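The headings below follow strands, cores, aromatic rings and salt bridges.

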Amino acid sequence: MAQMIFVNLPVKDLETTVGFFGKLGFTTNPAFSDDRTACLVISDTIFAMLMTEPRFKEFTKKDVVDASKATEVILALSADSREKVDEIVDAALASGGFPAGETQDMGFMYGRSFQDPDHHIWEVMWMDPAAAEGQA
């Protein structure tokens, strides 16, 4: 079985956040979702568990970071092309997301970023496959 990752993120309004990611083309897995948690499917092996803040707090004794004021993590996703990077980030910004950082264009690598409705930072990156293999 392939190793999977489940990133747990606190959200202020579950319905708003699920709707936001739906506009970016992501779905949720109802088998792992309820009225306090939504399992966002990013790929066959990558999932974000979107949890209401009270639900998220059940998993830690630490304070929950207010992502509009502090950053605890930056989530980076790969994309198949520069165009796909633009498609995802443009959709995020058009759907209520916020800008996060400048476009990174190094020729062989291209990336943009956005903040979701809860201000978690997402980077979307493309790298030329030849460069990724050290052949650039």
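Over the ring of which residue does the charged end of Arg82 sit?

## Basis of the report

The model is predicted: local features need pLDDT of at least 70, side-chain atom pairs count only at pLDDT 80 or more, and totals for chains, interfaces and linings use all residues. Residues are numbered from 1 along each chain as its sequence is written, and side-chain values use heavy atoms, with hydrogens and water left out.

The ring in question belongs to Tyr110, and the charged end of Arg82 is placed 4.2 Å from its centre. A charge is taken to sit over a ring if NZ of Lys or CZ of Arg is within 6 Å of the ring centre and within 35 degrees of the ring normal.

Arg82 also forms a salt bridge with Asp105, with 2.7 Å between the closest N and O atoms; the term requires a side-chain nitrogen of Lys or Arg within 4 Å of a carboxyl oxygen of Asp or Glu. This pair links distant parts of the chain, since Arg82 lies in helix H3 and Asp105 in strand S7 (residues 104-105), 23 residues apart. Helices (H or I, at least four residues) and strands (E, at least two) are DSSP runs, numbered from the N terminus. Arg82 has a relative accessible area of 26% and is partly exposed; Asp105, at 46%, is partly exposed as well. In these terms, buried means under 20% relative accessible area, exposed over 50%, and partly exposed in between (1.4 Å probe, protein chains only).

## Strand S9 and its neighbours

Strand S9 spans residues 121-127 and is mostly covered, with five of its seven residues buried. Strand S5 (residues 74-78) pairs with S9 in the parallel sense over five bridges, and here Leu77 stands opposite Val124. Two strands are said to pair if DSSP finds at least two bridges between them.

Strand S8 (residues 109-115) pairs with S9 in the antiparallel sense over seven bridges. Gln115 has Ile121 of S9 as its bridge partner. S8 and S9 form a hairpin with five residues between them, and His119 in the turn has a positive phi of about 70°.

## Nonpolar cores

The largest nonpolar core holds 24 residues, of which Phe21, Leu24, Leu50, Phe114 and Trp122 touch the most other members. Two or more residues come from each of several elements, including strand S1 (5-11), helix H1 (14-23), strand S4 (46-52), S8 and S9. Helix H3 gives the most, with four residues. A core of this kind is a set of buried Ala, Val, Leu, Ile, Met, Phe, Trp, Tyr and Cys residues joined through side-chain atoms within 4.5 Å. A second, separate core of five residues includes Cys39, Phe47, Met49 and Phe56.

Leaving aside neighbours within four places in sequence, Leu50 is in contact with residues that include Leu9, Val11, Leu14, Phe21, Arg36 and Leu40. Contact means heavy atoms within 4.5 Å.

## Aromatic pairs

Rings of Phe, Tyr and Trp (its six-membered ring) pair if their centres lie within 6.5 Å; planes under 30 degrees apart count as stacked, over 60 as edge-to-face and the rest as tilted. The count by this rule is six aromatic pairs. One of them is the stacked pair of Phe6 and Phe47, at 4.8 Å centre to centre and 15° between the planes. Phe6 is in strand S1 and Phe47 in strand S4, so the pair ties together parts that are 41 residues apart in sequence. Phe6 is partly exposed at 39%, whereas Phe47 is buried at 10%.

The rings of Phe20 and Phe114 have centres 6.1 Å apart and planes at 55°, so this pair is tilted. Phe20 in helix H1 and Phe114 in strand S8 are 94 residues apart, and both are buried. Phe20, Phe21, Phe26, Phe114 and Trp122 form one aromatic cluster.

## Further salt bridges

The whole structure contains eight salt bridges. In one of them, the side chains of Lys12 and Glu53 meet at 2.9 Å, N to O. Lys12 lies in the loop between S1 and H1 and Glu53 in helix H2 (residues 53-57), 41 residues apart. Lys12 counts as exposed at 57% relative accessibility, and Glu53 as partly exposed at 28%.

Lys69 forms a salt bridge with Asp66, their closest N and O atoms being 4.0 Å apart. Lys69 is exposed at 71%, while Asp66 is partly exposed at 28%. Arg36, Arg55 and Glu58 are linked in a network of salt bridges.
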